Every structure is written in C-alpha cells, then in structure tokens.
Amino acid sequence: MKIEIKNVWKKIGKTEVLKDINLEFNGGKIYGLKGKNGSGKTMLMKMILGFVSPSSGSIKIEGKVLGKDISMPLGIIIENPGFLPEYSGYYNLHLFALIQNKIKKEEIREAMRIVGLDPDSKKHVGKYSLGMRQRLGIAQAIMEDPDILLLDEPLNGLDNEGVEEIRKVLLSLKEKGKLIILASHSKEDIQILCDTVFRMDHGKIIATETN
C-alpha cells in the first residue's frame, strides 16, 4: 500500500493552509506528523482522508486518485472520538459496523479485546473514562482490518499501562504491513512508534526525521 502526495496546495480564501506538500507513505511503516496547532497537520490529515480536496496537486493511493478513482480503505481515530453515551461500547461499534456491513460480531469483539476492553460489559460509554473512550476509538479504527490507519493523538488519556498496551498494538499492526500515520504532541510516542517523522510549520514540511 502506498500513498503519494504531489505538489499539494490548499488555499482557503486568501490564506494558504498547505504549501507545496510532497510526501510518500508506504505500508509496513508508521509515520508521524509533528507541529504546533495551526501548522497544517489537521488539514493534511483531512485531505488524506478525502474530506477536503486540494486546491492543486494530487493525492494517489496505489497510483489511483483519491476521491475520483478510489475511496480510502482506512480506519480513523480523531481526538476525543464521539460515541453514543447511552449505549455500551460493543453496541456503539456494532452501529458503526452496520454502515459498511462488512464484518461480523466476532470481529467487533476481537477488536475490543485487542485494546483491553470487555465486549460483554454493559457499561454505558457515557460512564467510560477518557482512556476507555480512546481504547474504544482505536477498536473502531481497527475492527474492519483497514490497510491504512490515520490516528490523531491515539494515546491521549491513557494511563502508563494503557499507553504500553496500545503501543504494542500499533507496532503489531505495522508488522502486519499496515500503513499508519499518526499525529501526536508526545515526543516519546513519536520516538518509540515512528519510522519517519514529518515536522510541519505554517503549512509546510520543514524537516524530515528518521528514527
């Protein structure tokens, strides 16, 4: 699996949000996006997701244009993932799974077990801690076995034990050939997890770091 971003610019009004972005992402690796708020990380992730179109340039997956020739086969976790608070974790994931109707109950249950949640728990998500919500978000991202994972602050809110567990999950997915892109403010997470880190500022890639 390969994502190619070539000469991508994004202009909103008179403001250039992204400026001549040229990046390549390959399967079996974890990539980090690093930068202050407003650096362009979120806009770049939205473009990779196909939520926003570039003003110019192209984003291709396996040589096919995103949004035209192909829709993105990915799992997503955004910061503070939103779930229906009056239902259990399992039932929330079941509702998400119905959208594509590609997986069965056991795949949902297994995804929850992988991230350390009990699929049989009747506890409503509204009573979950932030860390439990984050685990549920990761379970949602991986349950349909996507080729690409796009993760925004995936370890936010987890205790030390939870951080270690989820790091192991992400590294195991990397070993299976998944392409993982994550944005994180944690220098430790970036250093431990990422093969390559792209540092952004004012809509540009200003540095590339290899761990």
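Let me start with Thr 196, which sits in strand 9, residues 196–201; strands here are DSSP runs of E with at least two residues, helices are runs of H or I with at least four, and both are numbered from the N terminus. This is a predicted model, where local features need pLDDT of at least 70, side-chain atom pairs count only at pLDDT 80 or more, and totals for chains, interfaces and linings use all residues. Residues are numbered from 1 along each chain as its sequence is written, and side-chain values use heavy atoms, with hydrogens and water left out.

Is Thr 196 buried or exposed? Thr 196 is buried, because its relative accessibility is 13%, and buried means under 20% relative accessible area, with a 1.4 Å probe and protein chains only. Leaving aside residues up to four places away in sequence, Thr 196 touches Ile 30, Tyr 31, Gly 32, Thr 208, Glu 209 and Thr 210; a contact means heavy atoms within 4.5 Å.

Next, Leu 44, in helix 1, residues 41–49. Leu 44 is also buried, with a relative accessible area of 0%. Beyond four places in sequence, the contacts of Leu 44 are Ile 5, Leu 18, Ile 21, Leu 23, Leu 33 and Met 200. What separates Leu 44 from Lys 10 in sequence and in space? The two are 34 residues apart in sequence, and their C-alpha atoms are 9.1 Å apart.

That is what I have on these two residues.

Key: Buried < 20%, exposed > 50% of the residue type's maximum accessible area, 1.4 Å probe, protein only.
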